[in-house]
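Me: I'd like to learn how to read the features of a model like this one. Can you take me through them one at a time?

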Amino acid sequence: GLNHVVRKFADPIDESAHHLIAVPGIPDGPGGVLICSQNSIAYKRVGHPELKCSIPQRNDSPKPHKLFIICSTTHRTKELFFFLIQSEFGDLYKVLLKYTGETIHGIIVQYFDTIPPANSICLLKNGFLFSASETGNHGLYKFKGNWEEDEKAARSYSTTPLDSIV
């Protein structure tokens, strides 16, 4: 029936994990899950080494600073997919997975913009971002340009599986 759950595997994760994001599976992507923890994002999938990437922080933020993700959305087209995630300060980050087939080669987390913190965000196919604000009015934002990477934006990149770090 439909009223049961089967555990495929159980792995320990960071104790500060607080947000999960499903990664599209075949044919759209490699599948798996992104685990958002304090100051970092990790990729996990059965039979694949875990990858972890730090989240870029503001230059003016107090150090050490704990950064938490409060909401996310996935944008999928025929050619690509990516995630927009938002921190508790309203900073939006674009998360890209570099992969071939089902193998992830790297995670890129890039600062995107800052909007008021939201309970939920939704990226529409026609280029609008809807933000259901925690306080105040909701927002509807129009994107200018394309989804290409901005070379000037702050970003983090990870290609090293966690089990290879000693």
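Reply: Let's begin with two definitions: strands (E, at least two residues) and helices (H or I, at least four) are DSSP runs, numbered from the N terminus, and two strands pair if DSSP finds at least two bridges between them. By that rule, strand E10 (residues 128-133) pairs with E11 in the antiparallel sense, over four bridges. This is a predicted model, where local features need pLDDT of at least 70 and side-chain atom pairs count only at pLDDT 80 or more, while totals for chains, interfaces and linings use all residues. Residues are numbered from 1 along each chain as its sequence is written, and side-chain values use heavy atoms, with hydrogens and water left out.

Me: Which residue in E11 is the bridge partner of Ser131?

Reply: That's Gly139.

Me: In what order do the strands of that open sheet run?

Reply: The order is E9-E10-E11, three strands with antiparallel pairing. Strands E9 (118-123) and E11 (139-142) stand at the edges with a single partner strand each, so one side of each has no neighbour in the sheet. The twist averages 15° from one strand to the next; for such angles, axes are lines fitted to C-alpha atoms (for helices over the stretch in contact), and the range is 0 to 180 degrees between N-to-C directions.

Me: How many helices and strands does the protein have?

Reply: Zero helices and 12 strands.

Me: How do I read burial, and what percentage of the residues count as buried?

Reply: Take the relative accessible area: under 20% is buried, over 50% is exposed, and partly exposed is in between (1.4 Å probe, protein chains only). Here 39% of the 166 residues count as buried. Ile35, found in strand E2, is a buried case at 5% relative accessibility.

Me: What does Ile35 touch?

Reply: A contact means heavy atoms within 4.5 Å. Leaving out residues up to four places away in sequence, Ile35 touches Ile13, Ala17, His19, Leu20, Ser40, Ile41, Ala42 and Lys44. Across the protein, among contacts between residues at least 6 apart in sequence, 46% join residues at least 24 apart.

Me: And the surface? Which residues make the nonpolar patch?

Reply: Accessible areas come from the Shrake-Rupley method with a 1.4 Å probe, and for residues only the protein chains shown count as cover. Patches take residues with over 30% relative accessible area and no salt bridge, joining nonpolar side chains (Val, Leu, Ile, Met, Phe, Trp, Tyr) within 5 Å and like charges within 9 Å. In this model, Leu124, Phe130 and Leu140 make a nonpolar patch of about 260 Å². Leu140 is in strand E11 and counts as exposed, at 54% relative accessibility. The accessible surface of the protein comes to about 10000 Å², with 53% of that belonging to carbon and sulfur atoms.

Me: How many salt bridges are there?

Reply: The general idea first: side chains of opposite charge can pair when their charged atoms come close. The cut-off is a side-chain nitrogen of Lys or Arg within 4 Å of a carboxyl oxygen of Asp or Glu, and that gives four salt bridges. One of them joins Lys52 and Asp14, with the closest N and O atoms 3.4 Å apart. Lys52 lies in strand E4 (residues 48-54) and Asp14 in the segment before strand E1 (19-22), so this pair ties together parts 38 residues apart in sequence.

Me: What about Arg76 and Asp28?

Reply: Their side chains meet in a salt bridge too (3.3 Å, N to O). Arg76 is in strand E5 (residues 69-76) and Asp28 in the loop between E1 and strand E2 (33-37), so parts 48 residues apart in sequence are tied together. Arg76 is partly exposed at 39%, and so is Asp28 at 36%.

Me: Which residues form a salt-bridge network?

Reply: Asp11, Lys44 and Glu50, joined by salt bridges that share partners. The Glu50–Lys44 bridge has its closest N and O atoms 3.4 Å apart, and Lys44 counts as buried at 11% relative accessibility.

Me: Last one: what should I look for in the backbone?

Reply: Most residues other than glycine have a negative phi, and most peptide bonds are trans. A cis peptide bond joins Ile26 and Pro27, with omega about 15°; Pro27 sits in the loop between E1 and E2. Asn39, in the loop between E2 and strand E3 (40-45), has a positive phi, near 70°.
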